[in-house]
Amino acid sequence: MEPVVDTMPIAELLDERRHLLDVAHWMLGSGVIAEHVTDEAYREWYGLSEHQRSRIGAPRVWLTRVVGSISLARLALSDREGGPQGPVRSRGVSDPDLEDDLGALLAGASDTLTPAERAALVLNDVLGSGAGGPVSTVGQAGGGRPGPADTEPSGSARHSLRAGAARPTPLRVQDELVDAVRQACVDEDADRLADLLDPDAVAFYDGGGKVRTLTRPVVGGPRVARSLLTLLARHPRTTLHTRPVNGRTGLVAHYDGQVAAVVCLEMAGSRVVQVWAVLNPDKLRSWNRPRA
């Protein structure tokens, strides 16, 4: 079975985004701006073709390089024009030693450095780019490829949805099936999970372009099972529960006590025909608000 490219465990997916936010915040001194810079780095990632992304051996390192370049470009524009600027996109390059060096740099650098000095330090000493040099740009600010939510379902997906409408599943069976899917994921039982899925099942991963996940539907029961097991891989800080989702039972994954993914399941008869995993941090904000 061919691999499902770009599928990541929740722990890695969220740790990567937190790492990029930390780098941008450290360089620019603002959590809000760090969010914008991190989102722009992911837009640049999705602005690449699939072939280009497949040739990047260390995506997290590549994204870190992009965050550093965007941060430097923001500071340069702010200095020239007297105020904060919008996103500036700059292509990153891979450096296999970047993460270890950057971690040591962030831990050991002085808090007295200005944002511009921090940017120069990261770009010069770690990322290998002269602080005074030009920043190459690709595309237009705010561009990028559409995320999973913008992708049209395949023919198999349409077939599965029609099957679901034709063969409604009783609520009791729905609850039992969702719990069986949860248990198969917890047990990391690929065969059992595939048996619970329709052979033409399709899965969508909605990251909203804000985390690194699949941009195309995953089609076929075994491939959907593999992608789900990768996403929900066992980790000491990851838990998976059944919860009400949009009026029916679904799956909610927590990481470090925060909701990291909400998984909706569409069913036909006794099998799952469609999986929709919401990973977009913006869409999960309401799930993570403190309850009264």
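This is a predicted model: local features need pLDDT of at least 70, side-chain atom pairs count only at pLDDT 80 or more; totals for chains, interfaces and linings use all residues.
User: Where do I start with salt bridges? How many does the structure hold?

Analyst: Start with the general idea. Side chains of opposite charge can pair when their charged atoms come close. Here, the structure holds 15 salt bridges.

User: Show me one. Which residue does Arg-17 meet in a salt bridge at 2.9 Å, N to O?

Analyst: One partner is Glu-35, with 2.9 Å from N to O. Now look at where the two sit. Arg-17 belongs to helix H1 (residues 10-28), and Glu-35 to helix H2 (residues 31-47). They are 18 residues apart in sequence, so the pair ties together separate parts.

User: Is Arg-17 buried or exposed?

Analyst: Buried means under 20% relative accessible area. Arg-17 has 7%, so it counts as buried. Glu-35 has 28%, which makes it partly exposed.

User: What does Asp-39 do with Arg-17?

Analyst: The side chains of Asp-39 and Arg-17 also form a salt bridge, again listed at 2.9 Å, N to O. Asp-39 lies in helix H2 and Arg-17 in helix H1, so this pair ties together parts 22 residues apart in sequence. Both Asp-39 and Arg-17 are buried.

User: Now a pair inside one helix. How are Arg-172 and Glu-176 placed in helix H8?

Analyst: They are four residues apart in helix H8 (residues 171-187), so about one helical turn separates them. Arg-172 is exposed, at 56% relative accessible area. Glu-176 is partly exposed, at 46%.

User: Back to shared partners. Which residues do salt bridges join into one network?

Analyst: The network takes in Arg-17, Glu-35 and Asp-39, together with Lys-210, Asp-282 and Arg-285. Salt bridges that share partners link them.

User: What about charges without a salt bridge? Which residues gather in a patch of negative charge on the surface?

Analyst: A patch is built from residues with no salt bridge and over 30% relative accessible area. Here, Asp-187, Asp-189, Asp-191 and Asp-195 gather in a negative patch on the surface.

User: Take Asp-195. Where is its place?

Analyst: Asp-195 is in helix H9 (residues 190-196). Its relative accessible area is 49%, so it is partly exposed. The cut-off for exposed is over 50%.

Notes: Residues are numbered from 1 along each chain as its sequence is written. Side-chain values use heavy atoms; hydrogens and water are left out. Patches are made of residues with over 30% relative accessible area and no salt bridge: like charges are joined within 9 Å, nonpolar side chains (Val, Leu, Ile, Met, Phe, Trp, Tyr) within 5 Å. Accessible areas come from the Shrake-Rupley method with a 1.4 Å probe; for residues, only the protein chains shown count as cover. A salt bridge is a side-chain nitrogen of Lys or Arg within 4 Å of a carboxyl oxygen of Asp or Glu. Lys and Arg count as positive and Asp and Glu as negative; His and the chain ends are not counted. The place of a charge is taken as NZ of Lys, CZ of Arg, CG of Asp or CD of Glu. Helices (H or I, at least four residues) and strands (E, at least two) are DSSP runs, numbered from the N terminus. Buried means under 20% relative accessible area, exposed over 50%, partly exposed in between (1.4 Å probe, protein chains only).
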